[in-house]
Amino acid sequence: MKIRHSLTGNEAMAEAMRQINPDVVAAYPITPQTEIVQLFSNSVADGKVNTEFVTVESEHSAMSATIGASAAGARAMTATSANGLAYMWEVVYIAASMRLPIVMPVVNRALSGPINIHCDHSDTMGARDSGWIQIYSENSQEAYDNLIQAMRVAEHSEIQLPVMVCMDGFIISHGMEVIEMEDDDTVRKFIGEHKANYSLLDVKNPITMGPLDLQDFYFEHKKQQAEAMKNSAAVIRDVAKEWEKLTGRSYDMIEEYRMEDAEIAIVAIGSATGTAKVVIDGLREKGVKAGLVKIRVFRPFPKEEIAKALANTKAVAIMDRAESFADFGGPLFRDIRASLYDHDVRPKMVSYVYGLGGRDVMPEDIASVYADLERLVKGEQLPMLNHLGVRE
Amino acid sequence: MSEKKVIPAGATWKEIPVAGIIPTAGTAQEFKTGDWRTRKPIHDEKKCINCLRCWIYCPDASIMVKDGKVIGIDYDHCKGCGICANVCPDKVKALTMIAQSEEE
């Protein structure tokens, strides 16, 4: 049974967590994520879940306690943002290396400084090599759907990798929209019971987790991680298909919007893609063949899908809500350029870093990017790297 | 307890448990650490009063005890730290450290 609710992104995530009913949640507050665990703790206090809620003294402890619970065989979650993610950095890698199926909402926020609490992707983009699967959400509906699907992906016996489910701070986390929720039973049946491959609390089968791993075996364990990440793409697609059958809402690694005959395209992640869709509709009415590729799953990187989607375009703008300070565009720009390297016909490709520290990206800003792409198609030169909307 | 399985050196990534998990207990027994030793404790049965201080303090569980009596030292695992000789009471001194080379 579907239930329609008007919810903020944070409320949607907290409701998904209530339906998931994890065994353990260890969390520390940080803006703009705080509301998720605060609302979830209400569910704990009201007896709506059976969760052991651990109030820890830092994000490093939040992730450490979550790792401990997961190693014990529990379904364990936490949530964070920006500097909180940075503070748990060391153990973020350990969660992935220990192959613990932890699912963590991350509400994207600028990684200071100067201090800023608003949206950009500098926090999770920094964690792109940590061995976590990364799924990004355009709106509250996707945040809800992605969080539930992430449980199945993480806990799949062949995958056993942690998942970050990301959504834009304030723009989505504090913006209210109508979303469709499934009823508790449907969600609980969909995610099923968590059966850990190993448990530290299984005293009849004592095991050691996280031992010293030196030159002779460490590399083999990294290869296993890389292989699990590679195999996770198929699982992500399968879980999405099953979710679609149940809910009618479809998901894939990427979403193509009006790409069938697109000559110019934007590739972006998160809430800005919603804005881009509106701009595209306007441009299409004027006869401009504009399209959008939205990245839903950033790790593992959907290189083939992206290359295929962009194959027939003439010019593409890759929009990164994070500055890499490499003087070579953002992380998405570089990954996409690399994805097209083996293709004989490649579109022209430029990088736009945008929206840092919560700077609004308005329809006019997106329209200006498409205007740039039209000039590029006509043969005009454009700089490879651009900072969209910054005052010159 | 599940059967002890030792992973052979040279096993491929497909053959080993994920994440370095050691899926059985007691595998340290298979790992002989005795060859790290530069000094070696010698136990004198005649002097020993079997107070078992050495057994309590030994960090490698290498003092072998049977029926409440010290019966020897597990040289496969003793690293020669000398704690046993140090905690052996002054009036007893049933444990003395010798250089590993002296004995060879």
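Guide: Let us begin with B:Asn50, which is found in the loop between strand S1 (39-43) and helix H1 (53-57) of chain B. Please keep in mind that this is a predicted model. The backbone of B:Asn50 has a positive phi of about 55 degrees, although the residue is not a glycine. Most residues other than glycine have a negative phi.

Chain B has three helices and four strands, and along the sequence they follow the pattern β-α-β-β-α-β-α.

Strand S2 (residues 63-66) of chain B and strand S3 (residues 69-73) of chain B pair in the antiparallel sense, over four bridges. Within this pair, B:Val65 stands opposite B:Val70, a residue of S3(B). The two strands S2(B) and S3(B) form a hairpin with two residues between them. In the turn of that hairpin, B:Asp67 has a positive phi of about 50 degrees.

Now consider the overall form of chain B. The C-alpha trace of chain B spans about 55 × 30 × 20 Å along its principal axes. Its radius of gyration is 17 Å, whereas a compact globule of 104 residues would have one near 13 Å. Of the 104 residues of chain B, 34% count as buried. The accessible surface of chain B comes to about 7,000 Å², and 54% of that area belongs to carbon and sulfur atoms. Chain B carries 15 positive and 14 negative charges, whose mean positions are 5 Å apart. Among its contacts between residues at least 6 apart in sequence, 58% join residues at least 24 apart.

Chain A may be described in the corresponding terms. Its secondary structure comes to 13 helices and 15 strands. A compact globule of 392 residues would have a radius of gyration near 21 Å, and chain A agrees with this because its own value is 21 Å. The C-alpha atoms of chain A fill a box of roughly 70 × 50 × 45 Å along the principal axes. Of the 392 residues of chain A, 56% count as buried. In chain A, 81% of the contacts with a separation of 6 or more come from residues 24 or more positions apart.

A:Asn21 has a positive phi of about 55 degrees, and it is not a glycine either. This asparagine is found in the loop between helix H1 (9-20) and S2 of chain A.

Most peptide bonds are trans. A cis peptide bond, however, joins A:Thr31 and A:Pro32, with omega about 0 degrees. A:Pro32 is found in the loop between strand S2 (24-27) and helix H2 (34-45) of chain A. Another cis peptide bond joins A:Ser112 and A:Gly113, with omega about 20 degrees. A:Gly113 lies in the loop between strand S5 (103-108) and helix H6 (122-126) of chain A.

A:Phe298 lies in strand S12 (residues 297-299) of chain A, and its relative accessibility is 0%, so it counts as buried. Leaving aside residues up to four places away in sequence, A:Phe298 touches several others, including A:Met125, A:Tyr136 and A:Leu332. The C-alpha atoms of A:Phe298 and A:Tyr136 are separated by 7.5 Å, although the two residues are 162 residues apart along the chain. By contrast, A:Lys378 is at 70% relative accessibility and therefore counts as exposed. A:Lys378 is found in the loop between helix H13 (363-377) and strand S15 (385-388) of chain A.

Note on methods
Residues numbered from 1 in each chain as written. Chains lettered and ligands numbered in written order. Predicted model: local features only at pLDDT ≥ 70, side-chain atom pairs only at ≥ 80, totals over all residues. Heavy atoms only, no water. Rg over C-alpha atoms; globule rule 2.2 N^0.38 Å. Buried < 20%, exposed > 50% of the residue type's maximum accessible area, 1.4 Å probe, protein only. Contact = heavy atoms within 4.5 Å. Areas by Shrake-Rupley, 256 points an atom, 1.4 Å probe, with all protein chains shown as cover. Lys, Arg positive; Asp, Glu negative; His and termini not counted. Charge placed at Lys NZ, Arg CZ, Asp CG, Glu CD. Pairing = 2+ DSSP bridges.
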